[in-house]
Each structure stands twice: as C-alpha cells, then as structure tokens.
Amino acid sequence: MKKTRVLAVILVALMVMMTTVLAGCGGSKKTEDTSSETSGEVVWWGWTPGSPTNEQYIAEFNKEYPNIKVTWKQTSIDDYDAAIKPALANGKGVDAFEVSAGSGNGGVKVFGGQAIDLTDAVKKALGDNYKDKLNEASITTMTVNGQLKALGVGTVYSGNLWINKDLFDKYNVKAPTNLAEWKEACKVFKEHGIDGFVQGAGQGAFNMDTFHAIADNVSPGTFTKAARGEVEWTDDSIVKALELWKGLFDDGIMQKGALGLKQYPEANNLFMSQKAAMVMMGSWYTSNTLPDTMKASIEAASSKEEPFTMIPIDFPDIAGTGKTGSMFGDLDYSTAVSATSKNVKAATTFAVWLGTSQSGQQIIADSLNVVPSLKSATPNWDKVKLVNPEKQNEVIKKYIEKSMGSGDNPRFAEINADMNQKMMDVLAGVAGGTITPKDGAAQLAGTQADSK
C-alpha cells in the first residue's frame, strides 16, 4: 500500500513538472521586431569613445537615416559587464551594444551568444568580397563558431606616452627618452606643483599596457610569445620587465597613491586639467587633439583650462636596450545587435553603417579615436583641425602610420580571462611590494599552465 502511494505521489509530481515545462515553452515567444531597415528606436550601449563623440556619430547617421532614433547609453569600463548582462538577459533597453576582442570588458566570447549573426547584412552592404574591404581583425576576432557576431569599428594601439607639450615648453623640460630623463622631468614638474607622470594603477588594463611596453623595451615580441605559450612567463626578460615596473613606483615616476587611482576618470582628469604633464594612453587619446573633444574632456575634468598642445612620444628606454617605439594593438570595439531586441532591423542598419559604410567609417577616421576598419577610410587632413596644427599635425600623422605598421603584436587579444585577472593581480602585487618580480612571473606561468 505504501509503494502504491509513493508511486502515485511521483506520478503527480511528474505531471506537475511537465505542465510547468509546457507552460514555460508556450510563454517563450520569439521577440517580434517592430522596426524596419529605415525606422525604429535603437538604444546603443557601450563604454567608448563616449560623449560627445558618440553623439556626433549618431548625428551623421541620422543624415542618412532620419527615422531611426539612436540613444547612446554609456557605462564605465569597469561597470560595463555587470550592467549589460541583466539588460541582455531580460531583453529590454538594449538593441545595439559594444563588444571587444579581448577578455576584458565586453568580450565577444562572453556576449556573442546573445547577438545575431551579421554575415548576411555585411554581404548585402559590401558584397561577397567584404573581407577584402575590411581590416582582417574586424572579421576574424568577431567570428564565434562561424558566425559574425559584431562589426569592428576600428583598431586602437598602445605602447606610448602622451605629454603636455605646453607644460614641457613652459618649464623647459626635455621629453624623456630614457629612465634618467624621465626621473629628471618628474622632478622638475614636482618642483612646480605638477605631477610629472600620472597613471591610474588601480585599473588593471592600463597597467598591462605599461607592462607590455616595458617588456617590449627589454625584449621586443617576448610578451606576445609568452601570451601565446611560445615562451614561458618565467623568461628572464619578463622578470626584468616586472623589476622595471616596480622601479617606476620606487623611483617616484608613478605619482603617490597611484594604486588607489583609476585611469578613468582620475588619471585622465589630472592630465586634462594640466595637473599632470605625462600620461600612459594609446591611440584612442588622439581624439583629444581635436579642439571640441579636448574642450569636452577638460570640462568633464571640472577644469576651466583652455585646450592645450598634447603629443605622443615613444615609451622611454628604461631598460637601456635602445629598443623603443614598439606599439601593440587590437580591434578596440565592435557593434553587436541583441538577439532579443525589438529593433533588430534598425539596430542592424546602424551597426552596418558604423562599421562598413564610407560615411560612417569616414567620421570614425576624422574623429581620430580609432583606426577605421574600412580600408578606404582615412583621416581627411584638409578637414581635420587640431588644437595646434603647427606642432601637432606631422607628429599625429606619423603616429597613426607607425601604429598601423606595428605588425603582429596584439594588445589583449591573446590574453584569456584567467590570465587577464592574474596579470592585473600580479602587477598590483609587485607594485605594492607584496609579490616579488620572480614570484609574479611564476604565478603568470602557473596560470598559463592551468589554462592549457
């Protein structure tokens, strides 16, 4: 009798479960697309390049598609993943969103599953030979399981410093080319109440840039080989690079409290308000050589200073090897379209326009924020007016050309999620003195071994 009752209970439970499953299936209808290729409302999420540049892109887009309203929703780099996950999960309030090639924020391998395949849309826009017209990385790094999950907007490069040329001229300071000159420059600026160099060492991604630059100064290419597993992270050159990284803090090049600051907004604001003369930033910072963009950045820093002359310089030869000028880059960001959006057609129109059209990629080129994905789009130097053309034009042109010729030297693309976190932890620990350079290298090697 007891067995009969038990079986009856189990049977009832199974019937309830099946009813629940069927009810759930009946309720999960495919999201209806209420937009068209020429009309709709698109909410575009991202972290870069930020206002007012994104609004300028939208204004240019609306010249061709006046009936598609695009709203830019910006988050900070650190908050992006945590903010976009629930928005994509509930299918509300996000139509187009930025993704990156690496394992940091917005990784395409993390969020690609919630984006549509844009292959057919790109073929329609550029033809079957679309791969010949676009930067290779804009396709390869955004392809997941054979599907094109996002369209690359442009590439960014790092490995250099930016300096306030006006401050250097005012105090008769030489742009540093080696460790001694860097220390001397910082000393002079400190005497005048200005931070010589500023870095938000509390924000790991930018520490990785500085470390990569140092590693390339010690032994060009070894960092990338280590990231690919071709060289051990315990290689002597990596240990030496960690020692030099620690030296930036010990020698007073890094400002006091650097580990408690973020690159954005704190370090950026210090540089933009002319309270710091040098900062470690990459090619995305070039947009600040444009008067309107710089003015907006200065205002965002709560400063009343006027736009100033900033130029890029090679990372100083702190290793004493003479091997300087190395640059490394990745596709900066791409535009994906949410699979649960009610504005898929309109969002696709926007993503394709931004990443493949001559007009969309031309404004990308002229904004000097990234190097465009469309090969035929280059900055219109007759139209692009810098803060100080006499001192900036040729320097910026050569800087962009040099960045594009950096070769096979990725920024974050070869760093997986586990290594990304471990490297940030190791760099913070070495800088703070809780991890020795040798132990830090061993920890990186251990993480590499565990991921194989």
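**Entry 1: S338.** I am working on a predicted model. I started with the contacts of S338. Leaving aside neighbours within four places in sequence, S338 is in contact with L88, V94, D95, F97, Q114, I116 and V344. I then asked where S338 sits. The place of S338 is in the loop between β11 and α15 (344-356). Is S338 buried or exposed? Its relative accessibility is 1%, so S338 counts as buried, the cut-off being under 20%. I also checked the side chain. S338 and T340 are joined there by a polar contact of 3.1 Å, side chain to side chain.

**Entry 2: S138.** Next I looked up another serine, S138. I found S138 in helix α7, which covers residues 136-140. S138 is buried, with 2% relative accessible area. Which backbone atom does its side chain reach? The side chain of S138 reaches the backbone oxygen of N135, at 2.6 Å. I listed its contacts too, not counting residues up to four places away in sequence. S138 touches L148, A150, G152, L331 and S373.

**Entry 3: A125.** I moved on to A125, which has its place in helix α5 (residues 119-126). Its relative accessibility is 42%, so A125 counts as partly exposed; that value lies between the 20% and 50% cut-offs. Leaving aside neighbours within four places in sequence, I noted contacts of A125 with V352 and T356. I also took a distance from A125 to V387. The two are 262 residues apart in sequence. In space they are 36 Å apart, C-alpha to C-alpha.

**Entry 4: domains.** I looked up the domain assignment of the chain. It gives domain 1 as 40-156 + 330-372. Domain 2 is given as 160-326 + 402-450. How far apart do the C-alpha centres of domain 1 and domain 2 lie? They lie 28 Å apart. For the contacts between them, I noted 15 residues of domain 1 against 21 residues of domain 2.

**Entry 5: the largest pocket.** I turned to open space. The largest pocket has a volume of about 1300 Å³. Its lining is made of 50 residues. Which of them lie nearest its centre? They are W47, T48, I77, F206 and Y264. I sorted the lining by class and got 19 nonpolar, 24 polar and seven charged residues. I then asked which elements supply at least two residues each. They are α10 (204-218), α13 (263-272), α14 (291-300), β11 (328-337) and α18 (417-432). Domain 1 and domain 2 each give at least three residues to this lining.

**Entry 6: cavities.** How many cavities of 30 Å³ or more does a search of the whole structure find? It finds two. The largest cavity has a volume of about 50 Å³. Its lining consists of G159, A213, N217, F315, K323, T324, G325 and S326. By class I have two nonpolar, five polar and one charged residues for it. The second largest cavity has a volume of about 30 Å³. Its lining consists of F223, T224, A227, P410, R411, F412, A413, E414 and I415. By class that lining divides into six nonpolar, one polar and two charged.

**Entry 7: backbone geometry.** I finished with the backbone. Most residues other than glycine have a negative phi, and most peptide bonds are trans, so I looked for exceptions. A cis peptide bond joins T48 and P49, with omega about -10°. T48 is also on my list of residues nearest the centre of the largest pocket. P49 has its place in the loop between β1 (40-46) and α2 (53-64). A cis peptide bond also joins S51 and P52, with omega about 5°. P52 has its place in the loop between β1 and α2.

N172 is not a glycine, yet its phi is positive, about 55°. I found N172 in the loop between α8 (165-170) and α9 (179-191). At 72% relative accessibility, N172 counts as exposed. Q274 is not a glycine either, and has a positive phi of about 60°. I found Q274 in the loop between α13 and β9 (276-279). Is Q274 buried or exposed? At 18% relative accessibility, Q274 counts as buried.

How values were computed. Residues numbered from 1 in each chain as written. Predicted model: local features only at pLDDT ≥ 70, side-chain atom pairs only at ≥ 80, totals over all residues. Heavy atoms only, no water. Helix = DSSP H or I, 4+ residues; strand = E, 2+ residues; numbered from the N terminus. Buried < 20%, exposed > 50% of the residue type's maximum accessible area, 1.4 Å probe, protein only. Polar contact = N/O pair within 3.5 Å; in protein donor to acceptor, adjacent residues only side chain to side chain. Contact = heavy atoms within 4.5 Å. 1 Å grid on protein atoms, 1.4 Å probe; cavity = no way out; pocket = protein on both sides within 12 Å on 5 of 7 lines; lining within 4 Å. Points joined across faces, edges and corners; volume = space filled by probe spheres on them. Nonpolar A, V, L, I, M, F, W, Y, C, P; charged D, E, K, R; others polar. Domains from an automatic or database assignment.
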